[in-house]
Amino acid sequence: MAKKLELNIKLSELANGGAQEKFNHELKRIAENILDPNTDANKKRKIVLTTTFTPSDDRNLVTIGIDVKSMLAPENGVNTLMMVGRNDSGYIEANELKSGTPGQTYFDANDSTLKDDKGQPIDQIEQKSSNVVDLQAKNKA
């Protein structure tokens with residue numbers, strides 16, 4: 001015949017409400033993670049509540065350890081394109097493609113400048129080039 005067991009422990013009151021407080025903290029983290037647009041909306045999130053029971057030698061007291069952990073969805077990764085090749089001197093060059101198409105210039109709205117496909121301002125590139133012909137100066141002569 002099985003002995004009747006009477007338990008008078010409520011999870012929400014365990015450790016003076018500490019278990020509930022830890023659960024609520026992790027639940028808040030999960031809610032923030034769900035609302036973060038940088039995470040996958042369809043990924044599952046979890047809260048794991050682990051209780052560990054360590055009885056004393058005479059078995060009349062039990063230490064209860066309570067651990068609460070959440071498992072969140074990771075942030076989404078980002079992608080970009082990189083151009084690789086050799087320069088005129090034969091050295092390898094690698095640059096992030098900023099314009100969307102190799103060799104194409106683009107207007108950078110952040111600083112209102114025209115830039116090459118590597119993100120360098122066209123004005124600076126033209127100043128460095130020694131073979132740029134100033135047609136206005138040539139026509140005045």
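Which residue forms a salt bridge with Lys115, the closest N and O atoms being 3.0 Å apart? The partner is Asp111. The legends below describe a predicted model, in which local features need pLDDT of at least 70, side-chain atom pairs count only at pLDDT 80 or more, and totals for chains, interfaces and linings use all residues. Residues are numbered from 1 along each chain as its sequence is written, and side-chain values use heavy atoms, with hydrogens and water left out.

**Figure 1. Salt-bridge network of Asp108, Asp111 and Lys115.** Salt bridges link Asp108, Asp111 and Lys115 in a network; the term denotes a side-chain nitrogen of Lys or Arg within 4 Å of a carboxyl oxygen of Asp or Glu. Between Lys115 and Asp108 the N to O distance is 2.8 Å, and between Asp111 and Lys115 the closest N and O atoms are 3.0 Å apart. Lys115 is buried at 9% relative accessibility, and Asp108 is likewise buried. Asp111, at 39%, counts as partly exposed. Here buried means under 20% relative accessible area, exposed over 50%, and partly exposed in between, with a 1.4 Å probe and protein chains only. Side chains of opposite charge can pair when their charged atoms come close.

**Figure 2. Salt bridge between Lys118 and Glu93.** The structure holds five salt bridges. In the one formed by Lys118 and Glu93, the closest N and O atoms are 3.7 Å apart. Lys118 lies in the loop between β6 (113-115) and α2 (122-128), whereas Glu93 belongs to strand β4 (residues 92-96), so the pair ties together parts that are 25 residues apart in sequence. Helices (H or I, at least four residues) and strands (E, at least two) are DSSP runs, numbered from the N terminus. Both partners are partly exposed: Lys118 has a relative accessible area of 31%, and Glu93 has 32% relative accessibility.

Figure 3. Gly85 is found in strand β3 (residues 82-86) and is partly exposed at 33% relative accessibility. Leaving aside residues up to four places away in sequence, Gly85 touches Tyr91, Ile92 and Glu93, where contact means heavy atoms within 4.5 Å. A distance of 9.3 Å separates the C-alpha atoms of Gly85 and Asn95, which are 10 residues apart along the chain.

Figure 4. Strand β2 (residues 62-71) runs antiparallel to β1 and is joined to β1 by 10 bridges; two strands pair if DSSP finds at least two bridges between them. Val48 stands opposite Lys69 in β2. The hairpin has six residues between the strands, and Arg59 takes a positive phi near 65°.

**Figure 5. Nonpolar surface patch including Phe53.** Ile9, Phe53, Val62 and Ile64 make a nonpolar surface patch of about 370 Å². Phe53 is placed in strand β1 (residues 46-55). Patches are made of residues with over 30% relative accessible area and no salt bridge, like charges being joined within 9 Å and nonpolar side chains (Val, Leu, Ile, Met, Phe, Trp, Tyr) within 5 Å. Accessible areas come from the Shrake-Rupley method with a 1.4 Å probe, and for residues only the protein chains shown count as cover.
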